[in-house]
Structure formats: C-alpha cells, structure tokens
Amino acid sequence: IFESVCRPLKRRLEQILLAAPSPVLNFQLTTLFSFYIKTIAPVMGDSSHLSSTLRACRLAAEKALMDQMKQRGERLVRQPPMPSDDLGFPASHGPFADRLDVGL
C-alpha cells in the first residue's frame with residue numbers, strides 16, 4: 001500500500017524544487033522529511049521502499065537548500081551591499097538589532 005505513494009511523492013517534490021522555492025521552504029521540507037524518516041523508518045524498516053523514498057526526498061531538498069545558500073553566498077561575495085553613510089545598520093535590520101540589544 002505504501003509503495004503506491006512513493007512515486008507520486010517523489011514527483012511532487014521534484015515539481016516543487018523545480019519551482020525554486022525560498023530557502024526557508026527548502027529548509028522546512030528538509031526537516032519535514034527528516035521527521036518522517038525518524039518516525040516511519042523504525043516502524044517499516046530502513047530497507048522499505050517508503051523509507052528509501054523519504055531519504056531520497058530529504059537529500060533532494062537538502063541539496064536544493066545548499067545550492068541556494070551557495071548561490072546567495074557567492075552573489076554576496078561578488079556584489080556586497082553598500083554600507084550606509086554613517087556605517088550603521090540599515091533600517092530593514094532594525095527589528096533584528098532590537099533583538100540583539102544593539103543601539104541604532
């Protein structure tokens with residue numbers, strides 16, 4: 001019964017990853033598949049088709065996340081953001097600076 005969901009699950013994940021979702025969604029997918037693996041593998045066994053499909057899905061989501069992070073990091077290295085005139089935090093970083101107790 002569970003083998004019949006493996007192919008559609010994998011295909012749907014491939015469709016989602018081809019749409020280039022945000023890194024946050026890729027991270028959520030990676031952790032979701034990790035949870036499913038930890039939950040289902042002990043019950044069905046590591047060698048079951050569903051367990052191996054879940055592991056393949058997690059690896060695909062993780063690879064997509066790492067590729068996105070690498071691309072963003074390389075883009076920041078090539079084109080770093082310009083600092084403000086007073087070298088302070090940008091206004092968009094205000095809420096984060098408040099969490100760190102950094103005066104603006």
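This is a predicted model: local features need pLDDT of at least 70, side-chain atom pairs count only at pLDDT 80 or more; totals for chains, interfaces and linings use all residues.
Where does S51 sit? S51 is part of helix 3. Leaving aside residues up to four places away in sequence, S51 touches I40, A41, G45 and D46.

## Helix 2 against helix 3

Now for the helices themselves. Helix 2 covers residues 23-44, and helix 3 covers residues 49-78. Their axes come within 8 Å of each other and cross at roughly 160 degrees. Angles over 145 degrees count as roughly antiparallel, so that is how helix 2 runs relative to helix 3.

The crossing of helix 2 and helix 3 is left-handed. What kinds of residues make up the contact between these two helices? There are 16 nonpolar residues, along with 5 polar and 4 charged ones.

## Helix 1 against helix 3

Helix 3 also packs with helix 1, which spans residues 3-18. Here the axes are 9 Å apart, and the angle is about 5 degrees. Since angles under 35 degrees count as roughly parallel, helix 1 is roughly parallel to helix 3.

Which residues meet here? From helix 1 come E3, V5, C6, L9, K10, L13 and L17. Helix 3 brings H49, L50, T53, L54, A56, C57, A60, A61 and A64 to the contact. Sorted by class, the contact of helix 1 with helix 3 has 12 nonpolar, 2 polar and 2 charged residues.

How many disulfides does the structure hold? The count is 0. A disulfide is a covalent bond between the sulfur atoms of two cysteines.

For a pair to count as a disulfide, the sulfur atoms have to be within 2.5 Å. Seen from the other end, C57 is in no disulfide either, and its nearest cysteine sulfur is that of C6.

Are these cysteines buried or exposed? C6 has a relative accessibility of 1%, so C6 counts as buried. C57 is also at 1% relative accessibility and counts as buried.

How values were computed: Residues are numbered from 1 along each chain as its sequence is written. Side-chain values use heavy atoms; hydrogens and water are left out. Axes are lines fitted to C-alpha atoms, for helices over the stretch in contact, and angles run from 0 to 180 degrees between N-to-C directions. Helices (H or I, at least four residues) and strands (E, at least two) are DSSP runs, numbered from the N terminus. Angles under 35 degrees count as roughly parallel, over 145 as roughly antiparallel, 65 to 115 as roughly perpendicular and the rest as oblique. A crossing is left-handed if the near helix is turned anticlockwise from the far one by less than a right angle, and right-handed if clockwise. Ala, Val, Leu, Ile, Met, Phe, Trp, Tyr, Cys and Pro count as nonpolar, Asp, Glu, Lys and Arg as charged, and the others, Gly among them, as polar. Buried means under 20% relative accessible area, exposed over 50%, partly exposed in between (1.4 Å probe, protein chains only). Contact means heavy atoms within 4.5 Å.
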